[in-house]
Each structure stands twice: as C-alpha cells, then as structure tokens.
Amino acid sequence: MTVPELFGDPDQWPDQDLIAITGVLGPQLVLTALHEGVFPMPIADDEVPPQLQGAMAWWSPMRRGVLLPGHLKVARSLRKTTKHQTTTVDRAFDEVIARCADPDRPNAWIDGRVIDSYGYLHRRGWAHSVETWDDKGRLVGGLYGVNVGGLFSGESMFHDPQHGRDASKTALLRLVCELGEGLLDVQWSTPHLASLGVTEVDRSEYLDLLERALDRPAPQWTSPDDPAWNGAQLLDRLEDMSA
C-alpha cells in the first residue's frame, strides 16, 4: 500500500513558493516535510490576517537554490580569509542557531518553535552545525541544517560582521567537505550563495534530485571531539575532492 504524502501530490501544489500553513511544528513533521521537498519558515504576523498569526508556513520554492556536487566555487579572496580561520562540526549547535536567530538580524525568522524542533533533531543526530572560529577562539560564523540520506537541507547561516569576514562562507566550505557527493539544498539562492556555485532549479527538477539524494547513504560526520581543521587543511581537502 502506498503511504499518502503529507503535503499531497506535488502536481497539485499551487504555483507559488508557499504551499501550506499549519498550526503546529514539530521535529517529526520537519523530517517528513524534508522527504517531500518542503521546509518550514514562519511568516511575520504583520503579513497575515489575525486568524493566521502564529501559524507555521511550509514552502517549496518554484526556483530552488542548490549546490550540486563538484560545483563549489572558491574565490581567491575567500581562500585568503579561510587560511586565518578554523572550522568544527557539531561543537556549538545551540550557539550557532541562537546567533542565526538573533532578532536584530534583517528578516529574522527563527523563533522558539524552530529552535526547539531543530535542537531535538540535533540531539538525535539529524541536525548538524558547522562552526567557524577566528585565531582568538571566537565563534565568528556558522550554519546549521538537517541531513537525511545524501541531502543536507541548509536552514540558516551567520557571520560576525566585526570579526568574521566570510566566516559563513568558510563554514559552507567545511560543509561541502563533510557532504562529499551529497546534495546541498539552500532553499533560495542569493548573490552571496551564487558566488559559491549555488544554482537554481525548478521545483520538479529539485524533487527529482531529492529522490536520488535520499537513496544515497548519509555521510560520516566528523565528531565534535575531533581537532578543529585549520584553513590550510580545509583548502587541501577541497583540492583533494576536486582532483
């Protein structure tokens, strides 16, 4: 018997990025949605009628931002910056998501429900963070997201504007090393991400890529107890991957 999809037949989804609104959010719902090419992101209360304030919106962009294996671009300026930074995995998940959720950031959207759900997924090995540190040991950048099979669904990233130039980009370089041949879903592309090789695909193509990615085994994530990688190590590993 075929199990019905939670969000229904993609052919019946509206021709817009927003496909559903619910009153709940939970970790199992997040995992189920990712398997169907859907992710949660709240809508600001001032953008919806009163009866929908506090609801959770679910998205599947018509044009999806992805970084395909082998498509990473590392500019010369980024190489120079990366050499002065170190990276770790899963060493400071709670701090990374808190920094991403900073309400003073433009277009801040991460609320307590999101923090609780992804924190739960992290504690059970589904959600991961990558951290970037400067030469004084300060957390200056990072990202977090969820890994299912060969897919990593990137949720958010940050950098310290004073001490962490390009630190979120450095975190993404480390993420690419961790994923190997995996598919990186960044949801929506931006000029910042496009400079790293992110491209856009239409929804139907993304769902095809997703199906293949979910059939791949999950990568072996580096332990948070392992030594940090310095910038030279990170760049060397990227070179080895592209050889």
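Is Gln187 buried or exposed? I opened the notebook with this residue, working from a predicted model.

**Entry 1**

I looked up the accessibility of Gln187 and found 2%, so the residue counts as buried. I placed Gln187 in strand 9, which covers residues 183-187. Its phi is near 75°, a positive value in a residue other than glycine. I noted for comparison that most residues other than glycine have a negative phi.

I then turned to Asp166, where phi is near 60°, again positive in a residue other than glycine. Asp166 belongs to the loop between strand 8 (151-159) and helix 5. I recorded a relative accessible area of 17% for Asp166. Because buried means under 20%, Asp166 is buried.

**Entry 2: the cores**

I recalled that in soluble globular proteins, nonpolar side chains tend to be buried together. Which residues touch the most other members of the largest nonpolar core? I listed Phe7, Trp58, Val114, Tyr118, Tyr144, Val146 and Tyr206, out of 45 residues in that core. Helix 7, residues 203-214, gives the most to this core, with 5 residues. I also found a second, separate core of 24 residues, which includes Leu175, Val176, Cys177 and Trp229.

**Entry 3: helix 1 and helix 4**

I noted that two packed helices are described by the angle between their axes and the distance between the axes. For helix 1 (residues 27-35) and helix 4 (residues 112-123), I read an angle of about 80° and axes 8 Å apart. Helix 1 and helix 4 are therefore roughly perpendicular to each other. Pro27, Val30 and Leu31 of helix 1 make the contact with Ser117, Tyr118, Tyr120 and Leu121 of helix 4. I sorted the residues of this contact by class and recorded 6 nonpolar, 1 polar and no charged.

**Entry 4: helix 5 and helix 8**

At what angle do helix 5 and helix 8 pack? I found about 45° between helix 5 (residues 167-179) and helix 8 (residues 231-242), with the axes 10 Å apart. That makes helix 5 oblique to helix 8. I noted that the crossing of helix 5 past helix 8 is left-handed.

On the helix 5 side I listed Thr170, Leu173, Arg174, Val176 and Cys177. These meet Leu234, Leu235, Arg237, Leu238 and Met241 in helix 8.

Conventions
Residues are numbered from 1 along each chain as its sequence is written. This is a predicted model: local features need pLDDT of at least 70, side-chain atom pairs count only at pLDDT 80 or more; totals for chains, interfaces and linings use all residues. Side-chain values use heavy atoms; hydrogens and water are left out. A nonpolar core is a set of buried Ala, Val, Leu, Ile, Met, Phe, Trp, Tyr and Cys residues joined through side-chain atoms within 4.5 Å. Buried means under 20% relative accessible area, exposed over 50%, partly exposed in between (1.4 Å probe, protein chains only). Helices (H or I, at least four residues) and strands (E, at least two) are DSSP runs, numbered from the N terminus. Axes are lines fitted to C-alpha atoms, for helices over the stretch in contact, and angles run from 0 to 180 degrees between N-to-C directions. Angles under 35 degrees count as roughly parallel, over 145 as roughly antiparallel, 65 to 115 as roughly perpendicular and the rest as oblique. A crossing is left-handed if the near helix is turned anticlockwise from the far one by less than a right angle, and right-handed if clockwise. Contact means heavy atoms within 4.5 Å. Ala, Val, Leu, Ile, Met, Phe, Trp, Tyr, Cys and Pro count as nonpolar, Asp, Glu, Lys and Arg as charged, and the others, Gly among them, as polar.
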